[in-house]
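User: Could you take a close look at one helix for me and walk me through how it sits among its neighbours?

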Amino acid sequence: MQLAQRYGARIEAARLAGWLHDYARDLPAERLIELAERAHLITCTLERKVPDLLHGPVAATLIESIFAITDAEIKQAIAVHTLGTENMGLLDKILYVADLIEPGRNYPGVEQLRRLAEVNLDQALLTGFNQTLRYCLEKNYLLHPQTIQARNYLLEQI
Ligand SMILES: [Fe+2]
C-alpha cells in the first residue's frame, strides 16, 4: 500500500493483492497442478517439476471463483508475483517488489532494496529479478524462462 501511494497505483487494489497473493501457496503440489491444468495455466514443463511456481496463477483464478474478485489488474499482479513477466504493469511491479521487501523479509541486501523501492520501482524490480535468478543459480535450481524474459525485457526498457 505504501508503494501504491508512492507510485500512484490504486491503494485498495494493492491491499487486496497483498492480502491474497499467496492464497494458493499452501495447497499440495498435486492440487496446484490439477487446478492449473483445469484453467490451462501451465506454460512450461518446469512447472510440473516445481509446482510451487503455480501458486500465483492458481491464486488468481481462485480469488475470482471464491471471493468474486474479477479486477483484472489484481488478478494479473497475483498471477505474476512469483515469476514476473514481460511488460509488467504498475500493480504487477509493486506486488513483486513488495513481496521481496515486506517486513518479514530478512536477507543480505533487503535494506538496500527497501531504499531503492522508494526511489525507483523499475530498478528495484530489476534488482529483484537479478537476486532471484542469482539465488537459483547458487542453489543449482532450474531457471524459469519467464523470469529471464521478464528481466531482459525490463533491462532493455530501462
Ligand atoms: Fe508467493
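Analyst: Happy to! Let's start with the buried residues of H7, which are Leu91, Asp92, Lys93, Ile94, Leu95, Tyr96, Val97, Ala98, Leu100 and Ile101. Here buried means that 20 or more other C-beta atoms, placed from the backbone, lie within 10 Å of a residue's own. Helices are DSSP runs of H or I with at least four residues, numbered from the N terminus. This is a predicted model, where local features need pLDDT of at least 70 and side-chain atom pairs count only at pLDDT 80 or more, while totals for chains, interfaces and linings use all residues. Residue numbers run from 1 along each chain as its sequence is written.

H7 is mostly covered, with 10 of its 12 residues buried. From first C-alpha to last, H7 reaches 17 Å, close to the 16 Å expected at 1.5 Å a residue (1.5 Å times one less than the number of residues).

What do the buried residues of H7 pack against? Their partners are helix H1 (2-7), helix H2 (11-20), helix H6 (72-79), H8 and H9, with contact meaning C-beta atoms within 7 Å.

How values were computed. Helices (H or I, at least four residues) and strands (E, at least two) are DSSP runs, numbered from the N terminus. Two residues are in contact if their C-beta atoms, placed from the backbone, lie within 7 Å.
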